[in-house]
Amino acid sequence: MHRLAFARSAAVARSLTHVRAPVVSPRIVLQARYESTKTPDERKKALEARDKLQADWDAKVITYEELKPKTLQPSPDKYLIDVREPDEVLQGSIPSAVNLPLSVLSSALHLPPSEFKEKFGFEKPRPNQEITFYCRSGKRSTTAADVAKRNGYTNILNYKGSWLEWSSREGQKPAA
């Protein structure tokens, strides 16, 4: 009924003035109406449910102190993946890291293991294998963790400090 009343009032407004009334998307109107019909408790529960779904996609964040020992004693069962583009990796990388650019990550995770190894030079990670993602500043690594999670990988870590923190802690100057 509200939507019908809104449509009529917009038509009346257009007919009464020489200026065309702004058009409001029905989707926006329906969303506003839907939100307005909920009680505060219902809205709170809906927001909490949405937040819970989003939290499920967040990978565990790993710190510099937790990552450092892993680079000193790398394991074939744990990957440290740099998701920067190859030209960025030339500026430097964390020891024991392998490069798998974010731009090809999703398609790479769908490749057969033999084709993956041929293309990237290392074994394709297994879905339950520990994978730590990093990039330059932590934004792309967060996206990479999300992409991996959506592709069935379950043991994902995100080094949000990424290359900028690593290089400053290690005394290397990051290229601008």
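Me: A salt bridge is a side-chain nitrogen of Lys or Arg within 4 Å of a carboxyl oxygen of Asp or Glu. How many salt bridges does the structure hold?

Reply: This is a predicted model, in which local features need pLDDT of at least 70, side-chain atom pairs count only at pLDDT 80 or more, and totals for chains, interfaces and linings use all residues. Residues are numbered from 1 along each chain as its sequence is written, and side-chain values use heavy atoms, with hydrogens and water left out. The number of salt bridges in the structure is 10.

Me: Is E65 buried, partly exposed or exposed?

Reply: Buried means under 20% relative accessible area, exposed over 50%, and partly exposed in between (1.4 Å probe, protein chains only). E65 has 48% relative accessibility, so the residue counts as partly exposed.

Me: Which residue joins E65 and R169 in a network of salt bridges?

Reply: R169 is itself partly exposed, with a relative accessible area of 41%. The network of salt bridges links three residues, and the one besides E65 and R169 is E165.

Me: What is the relative accessible area of R84, which forms a salt bridge with D82?

Reply: The closest N and O atoms of D82 and R84 are 2.7 Å apart. D82 counts as buried because its relative accessibility is 1%. R84 is buried too, with a relative accessible area of 0%.

Me: Which residue of α9 forms an aromatic pair with Y64?

Reply: Rings of Phe, Tyr and Trp (its six-membered ring) pair if their centres lie within 6.5 Å; planes under 30 degrees apart count as stacked, over 60 as edge-to-face and the rest as tilted. The count comes to four aromatic pairs. The pair with Y64 is tilted, at 5.2 Å centre to centre and 55° between the planes. Y64 lies in α4 and its partner in α9, so the pair ties together parts that are 102 residues apart in sequence: the partner is W166.

Me: Around what arc do the buried residues of α4 lie?

Reply: The buried residues of this helix are Y64, L67 and T71. The arc is that of the directions from the helix axis to the C-beta atoms. The three lie on the same side of α4, because the arc is only 65°.

Me: What is the bridge partner of Y79 in β4?

Reply: Five bridges join β2 (residues 78–82) to β4 (residues 130–134), and the two run parallel. Y79 also belongs to a ring cluster with F116, F120 and F122. In β4, its bridge partner is I131.

Notes
Two strands pair if DSSP finds at least two bridges between them. Helices (H or I, at least four residues) and strands (E, at least two) are DSSP runs, numbered from the N terminus.
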